[in-house]
Amino acid sequence: MWYKEIVFYEIYLPSFQDSSGNGIGDLKGIINKLDYLSDLGIGGIWITPFYKSPKVDGGYDVEDYYKIDEEYGCMDDFDKLINEAHKRGIKVIVDLVLNHTSDKHKWFVESRKSLANPYRDYYIWNKKIPNNWESFFTGTSWEYDNQTDEYYYHAFSKEQVCLNWSNPKVKKEMFKVISFWLNKKIDGIRFDVINFLKVNMGLFKYDNTQNENKEQEHIYDMNQDGILNTIKEIVSFTKKWDNIFLLGEIGSEDLSTLNKYIGDDLLDAVLNFNIGSINKIETYKLAEILKETNKAIDYPTLFFTSHDTSRYISRLCDNNHDLAKVLAGLMLFAKGIPFIYQGDEIGMTDYISKSLYDIKDIRALTKYDVLYKLNKNEELSLKLVNNTNRDKSRTPMQWDRDKKNYGFSVGTPWIGNEGNSIDVEHQISDKSSMFSFYKSLIKLRNSNLVMQYGDYVSIINHQDVITIIREHNGEQLLCIMNLGNTQNKSINKEGVLLFSSLKIGSNNVEPYEFSIYHLQ
Ligand code: GLC
């Protein structure tokens, strides 16, 4: 399958490339950078939502599924983007938000008007707050609406209203949306929070108060009975189009939960948060995670950063480029579909919001509000919010390092972006840069069947070094990666050197070495 043969790149649209000068990334901006992506060796892009939206949550709050948001461009730009990407052999997958709409969507505008409105049952309403469920963005998941004196359900922000998937009309509307975009010759879909479509509202469904992170467990609002059937219906509908790659976002780190959603009549792959959300590099654990993932999932996805996490170079590597290269190497060598997040390939680091007014992430803002009400302390609230603030990875791509006041929209600039003053031209031309490392390894993966299809023969951890052997059709590759800053003398290097992060090969494994050998 084609999706096993390529490296994907995630584009967080609002901050990728702004072609119009309004401070917001747009579709033309992506077209402008297709040559850059092609030079990097990228075979597929995942673009975050571009539909008409108030953008309370970066576009994950859709107002009209059939329109391109004006700030992002127009339908012609979209068609051109597909065309230009395909000309360069780049596949395009779009992000579909089926679980909720914006509160500005016409269905919701209608729905809230009266109890008898034909769109009333498109959403989930209740006379009283029926349970203690919390939103994933903190606070209650029920919002009072004075027009009909009832409460509506939202698993995310109150501006993202959950659709009622038990209503067949909702399903029908969404099948229309899916066919509209598949007819536009896209190559795949990333289904946003797809395991949330079913909720178990029944009486007295009180969620557990707290898990170990002092958060609600969310027992009834995701992974509920019947969800697999709903997904199967969606999948079988999309099968009318050929070769479509279906990727699901299942908000879970649990491998058996993730694996339930993959299969011939289910999704092709899910986002592996068991890898994507790790917080600390412990070599032994990382090797174990790879082994466990391999036991549970035939072909996982591999990523360390997304628009919902901090950047791995900061979170896992303390901004150490040598270690960041080794982890990038791991992501590109391990079995699975790699997803590079925009900017990681040039070494962009986390941005830390300096005040409340500097925060754009709706989840962080909501959390700040709740925390501030409790502790009345701005500094403390900011500090706590910054632990998970998604703005960290959402600052604009540093195409122009001198332009510091880039922003998401006019009037709301990111206040400075000092840590990320990166010279892209230099990244591209310097043979020892982060970009060059990614590029040469992707080139190797693109032409190497063992790196695409190979099974694991072994994954072994020795001190800070992990060695992996993969095999395909009798051919074997050995990958040696040192995640530590000390030399390791006890590992046997064998075979013909195909790739190394070091200029001069030595018999020992050098600090932060990443090498691949072809075994004879
Ligand atoms: C997904 C998206 C995230 C968004 C949420 C609600 O998790 O990746 O950015 O906030 O869904 O749509």
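**Close-up views of salt bridges and a domain interface**

**Figure 1. Asp69 and Lys55 are joined by a salt bridge, with N and O 2.7 Å apart.** A salt bridge is a side-chain nitrogen of Lys or Arg within 4 Å of a carboxyl oxygen of Asp or Glu. The two residues belong to distant parts of the chain, 14 residues apart: Asp69 is in the loop between strand S4 (64–68) and helix H3 (75–87), and Lys55 is in the loop between strand S3 (51–52) and S4. Helices (H or I, at least four residues) and strands (E, at least two) are DSSP runs, numbered from the N terminus. Both Asp69 and Lys55 are buried; buried means under 20% relative accessible area, exposed over 50%, and partly exposed in between (1.4 Å probe, protein chains only). The model is predicted: local features need pLDDT of at least 70, side-chain atom pairs count only at pLDDT 80 or more, and totals for chains, interfaces and linings use all residues. Residues are numbered from 1 along each chain as its sequence is written, and side-chain values use heavy atoms, with hydrogens and water left out.

**Figure 2. A salt bridge connects Lys335 with Asp298 (3.7 Å, N to O).** Lys335 is in the loop between helix H11 (321–333) and S15, and Asp298 is in the loop between helix H9 (283–296) and strand S14 (301–302), so the pair ties together parts 37 residues apart in sequence. Lys335 is buried, because its relative accessible area is 6%, whereas Asp298 counts as exposed at 54%.

**Figure 3. Asp103 lies in the loop between strand S6 (100–102) and helix H4 (106–111).** Its relative accessibility is 12%, so Asp103 counts as buried. Beyond its neighbours within four places in sequence, Asp103 has contacts (heavy atoms within 4.5 Å) with residues including Lys158 and Glu159. The side chains of Lys158 and Glu159 themselves form a salt bridge of 3.2 Å, N to O.

**Figure 4. Domain 1 and domain 3 meet through 34 residues of domain 1 and 21 residues of domain 3.** Domain 1 covers 7–99 + 168–350 + 419–441 and domain 3 covers 351–418; these bounds come from an automatic or database domain assignment. Across the interface of domain 1 and domain 3 there are three salt bridges. Asp308 forms a salt bridge with Arg394, with the closest N and O atoms 3.2 Å apart. A network of salt bridges links Asp57, Asp308, Asp361, Arg390 and Arg394.
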